[in-house]
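Let's walk through this fold together, strand by strand. Have the viewer open beside you as you read.

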Amino acid sequence: MNASAISVSSLRKTYREGTFRKRKVEALQGVTFDVQKGEIFGLLGPNGAGKTTLIKILLGIVRRSGGDAKVLGLTAGSLKMRSHVGYLPENHRIPQHLTGNTALEYYGALSGLSGQAIRQARPKVLEQVGLSKRAKSSVSGYSKGMLQRLGLAQAMLHDPDLIVLDEPTDGVDPVGRREIRQVLHRLKQEGKTVFLNSHLLQETELVSDRVAILNRGRLQKVATVDELTNVETEVRFELCARTEAVEEAAKPFAERIAVVAEPSSAGTSAKAAVSDQADIDLLVDAWRAAGISIVSLSRAKATLEDAFIALIGSAEKNSDAQTSDSAEEAVEIDDDLFEDEKPA
């Protein structure tokens with residue numbers, strides 16, 4: 001049995017723009033990754049990275065230009081596949097004349113559910129998203145956060161195996177975001193797969209098992225949140241000594257370890273950029289040899305936002321370098337073409 005809820009292989013999408021549709025835009029360039037069943041998977045990337053295009057291909061809204069995409073072992077976008085997928089789009093709109101109850105009747109019918117099945121499932125999903133008490137209220141009086149939670153309820157109504165959420169916590173207050181996180185964790189406990197696209201990196205970090213990072217249509221990395229954030233390159237020390245003494249003892253390692261020290265209530269706070277445990281041992285040994293007491297030592301853990309910015313920044317630098325190299329090469333070619341016209 002296939003353990004992948006989503007399987008994407010060498011996926012490409014090319015759009016054509018311009019008056020005569022001559023200009024090509026590579027929205028996705030050979031993207032490959034798998035989403036395992038039962039996990040919460042986050043899709044990250046800056047604006048224009050190709051995230052929305054990828055989701056639309058998975059749901060059958062947009063056709064791929066090349067490669068392959070499977071959802072729950074079925075061809076992405078097929079009618080059979082769609083019956084097993086729940087979807088909350090970004091900036092979704094619910095008709096204002098509906099109530100919470102009738103909105104779910106409307107969306108449930110679109111999913112092919114009978115009236116009886118809708119009435120049986122509706123109380124549970126409304127309770128899960130915290131809207132039981134507003135089920136009979138008109139959605140015209142709902143806040144943005146309540147509308148998002150109702151949208152999540154309609155995505156869950158037909159008990160899908162995979163739930164695709166596009167910016168589910170957009171406009172939701174902190175209490176509402178916590179409630180949505182709790183719903184996502186319960187869905188995971190029930191064996192459901194959640195595919196989450198969000199620009200709120202802190203929220204993604206709190207709920208995702210793994211994430212994929214896209215940039216300019218290319219997949220930069222797929223990893224667990226722990227793998228991305230456990231980049232412990234900075235260690236913080238609290239030392240019982242004057243700042244000058246701390247700096248003096250660390251001076252022999254200045255070329256290898258960057259240490260920034262400043263006065264604190266304990267004496268001195270120091271931050272050290274280290275490569276490995278050996279660097280930490282060197283500093284500890286040097287300070288102890290100088291008679292300096294170490295009050296505390298802690299490793300600074302990167303956030304998902306730190307890791308995201310570092311990856312995107314590195315990708316942008318590489319892209320700019322390649323563009324520069326291509327431009328220089330083009331100039332050299334042009335010079336060669338017109339070599340006979342150069343003055344003697």
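Tyrosine 15 sits across from valine 25 of β2. This pair belongs to two strands, β1 (residues 4-17) and β2 (residues 23-36), which pair antiparallel over 11 bridges. Strands here are DSSP runs of E with at least two residues, numbered from the N terminus, and two of them pair if DSSP finds at least two bridges between them. Five residues lie between the strands of this hairpin, and glycine 18 adopts a positive phi near 100°.

This is a predicted model, in which local features need pLDDT of at least 70 and side-chain atom pairs count only at pLDDT 80 or more, while totals for chains, interfaces and linings use all residues. Residues are numbered from 1 along each chain as its sequence is written, and side-chain values use heavy atoms, leaving out hydrogens and water.

## Building out the sheet

β1 also pairs with β4 (residues 66-71), antiparallel over five bridges; there, serine 7 stands opposite lysine 70. Lysine 70 has a bridge partner in β5 as well, threonine 75. β4 and β5 run antiparallel and are joined by two bridges.

Put together, the four strands form an open, antiparallel sheet in the order β2-β1-β4-β5. β2 and β5 (74-75) are at the edges with a single partner strand each, so one side of each has no neighbour in the sheet.

## The helix across the strands

Now look for helix α1 (residues 51-59), which lies across β1, β2 and β4 at about 115° to β1. A helix is a DSSP run of H or I with at least four residues. Contact means heavy atoms within 4.5 Å; the angle, on a scale from 0 to 180 degrees between N-to-C directions, uses axes fitted to C-alpha atoms, for helices over the stretch in contact.
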